[in-house]
Amino acid sequence: MLPQNENARCFESHACVNDDAVKSRLNQPTPRPWYRPSLTMQIMIGLVMGIVLGWLRPDWGNKVYFLRDIFINLIKSIIAPLVFSTIVVGIAGAGALRKIGRMGLKALIYFEAVTTAALFIGLAVVNFMKPGAGVTLAASNTDIVKTIGQSHPQSLVETLVHIFPSSVIDSMVRGDVLQIVAFSVIFALAVSAIGEKGSPIIRAMESLSQIMFKFTNYVMMFAPIGVGAAMAHTVGTQGLGVLANLGKLILSLYLALIAFVILIFGFVIFVARVPLGQFVRAVREPATLAFATTSSESALPKAMESMERFGVPRHIVGFVMPTGYSFNLTGSTLYLAMASVFVAQAAETTMGWHMGFGQQITMMLTLMLTSKGVAGVPRAALVILLATLNTFVPAGLGPIGTAVIFGIDELMDMGRTCVNVIGNCLATVVVARWEKEFDDTRARVFGTRQEAELDLQTGNVAFADAIAQGD
């Protein structure tokens with residue numbers, strides 16, 4: 001939340017209190033009409049309609065896919081200005097200058113803890129279910145993997161160099177969130193250092209942040225169409241029959257993701273005293289978007305908005321969540337553990353080569369390091385997987401195993417991307433609680449009329465308007 005004087009300045013500049021249109025909607029007790037469902041319900045309807053369309057008319061899958069691309073492009077256009085303005089206002093405007101180092105350290109400790117837990121839960125499930133047993137890795141067309149193999153997971157030094165952009169404009173064009181975060185933090189520190197002369201920049205960034213959240217609400221109106229097009233393409237090109245092929249691996253992954261969410265996220269929610277029902281309500285829309293589009297980027301603006309509304313201070317949301325998109329990919333990390341051992345199990349079926357538990361632990365330790373180098377790597381999970389398999393399984397089987405998994409990767413990508421988004425949302429709450437800045441009052445009223453009234457009082461007219469319209 002902004003400090004009181006900043007709230008007053010925003011309040012006066014936007015005349016938020018006198019927004020009669022918002023107030024009138026707040027005072028209307030009329031329930032939502034049946035023909036105007038909530039955004040979550042609209043997304044679910046789009047999801048189902050996309051599945052039906054792709055099943056009945058597979059040829060339409062490619063024809064409507066451009067709608068998904070339009071939606072993703074609109075979302076990508078939001079990310080750079082939203083992340084930049086949120087971080088600048090959060091650090092320079094809220095006086096968080098001294099907290100950045102401490103907050104970053106806590107975030108990295110949390111990221112490492114949960115991603116390590118994800119690796120070992122994936123390892124436990126894949127050894128229990130043994131989805132690779134009986135699968136033969138026959139030589140096949142591995143042209144797909146050749147393109148993936150042209151990239152490589154970044155080393156620790158390469159990751160550190162990658163964080164700092166040579167051109168922030170180029171970073172924004174490419175949508176490189178980690179580089180945008182690094183530039184924004186340094187820029188915010190400079191704004192804070194010059195004192196009162198930086199006030200116009202802070203006010204401008206506050207206005208830009210509010211505008212981008214409102215822009216996000218407009219783009220979300222297109223979300224059900226984009227989601228439906230994405231699902232129609234997936235079902236139309238892959239077919240429902242793809243679930244039968246390698247179905248045990250898909251089932252094992254989703255069981256592992258569910259176990260991870262219940263055991264690890266459940267434990268974290270309990271320890272951090274997070275209101276469970278309200279947290280679920282806050283993450284359901286970003287998680288649904290991520291699941292349907294297989295894109296974490298599509299969920300980032302909505303997730304940032306939801307977590308700020310949920311009671312996480314702006315400077316924590318702006319710093320932790322974008323950083324987590326490179327260092328806290330719990331779903332992807334769990335997937336890597338399962339996919340790599342799956343190929344090892346299939347290699348045993350194919351040629352009798354056995355990977356012992358000690359070798360599996362060594363491979364997990366390697367993944368703990370290499371999975372942190374996903375920033376800026378296209379098809380990051382498959383790149384990491386191929387590089388790891390080339391190190392630990394007999395020569396030639398790594399590319400074949402990756403090609404086998406590639407055929408069902410999009411179906412598995414849905415689940416792991418959804419868990420990535422939930423995990424990053426939870427990370428912001430954990431760091432806020434750790435910093436003793438989590439607003440329990442806001443968390444308890446999330447999504448209610450009381451939240452909209454509170455937003456009007458503090459000048460967040462974009463949030464208040466969204467609640468008043470039932471979004």
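Residues are numbered from 1 along each chain as its sequence is written, and side-chain values use heavy atoms, with hydrogens and water left out. Because the model is predicted, local features need pLDDT of at least 70 and side-chain atom pairs count only at pLDDT 80 or more, while totals for chains, interfaces and linings use all residues.

**Exercise 1. Decide whether M49 is buried or exposed.**

Step 1. Locate the residue: M49 is part of helix α3, residues 39-56. Helices here are DSSP runs of H or I with at least four residues, numbered from the N terminus.

Step 2. Apply the cut-offs: buried means under 20% relative accessible area, exposed over 50%, and partly exposed in between (1.4 Å probe, protein chains only).

Step 3. M49 has a relative accessible area of 57%, so M49 is exposed.

**Exercise 2. Classify V320 in the same way, as buried or exposed.**

Step 1. V320 sits in helix α16, residues 314-327.

Step 2. Its relative accessible area is 1%, so V320 is buried.

**Exercise 3. Describe how α6 and α21 cross.**

Step 1. Two packed helices are described by the angle between their axes and the distance between the axes.

Step 2. The axes of α6 (residues 99-129) and α21 (residues 409-434) come within 10 Å and cross at roughly 130°. Axes are lines fitted to C-alpha atoms, for helices over the stretch in contact, and angles run from 0 to 180 degrees between N-to-C directions.

Step 3. This angle makes α6 oblique to α21. Angles under 35 degrees count as roughly parallel, over 145 as roughly antiparallel, 65 to 115 as roughly perpendicular, and the rest as oblique.

**Exercise 4. Examine the salt bridge between K302 and E305.**

Step 1. A salt bridge is a side-chain nitrogen of Lys or Arg within 4 Å of a carboxyl oxygen of Asp or Glu.

Step 2. The side chains of K302 and E305 meet at 3.8 Å, N to O.

Step 3. Both residues lie in helix α15 (residues 296-310), 3 residues apart, about one turn of the helix. K302 and E305 are both buried.

Step 4. A network of salt bridges links E285, K302, E305 and R309.

Conventions
Helix = DSSP H or I, 4+ residues; strand = E, 2+ residues; numbered from the N terminus.
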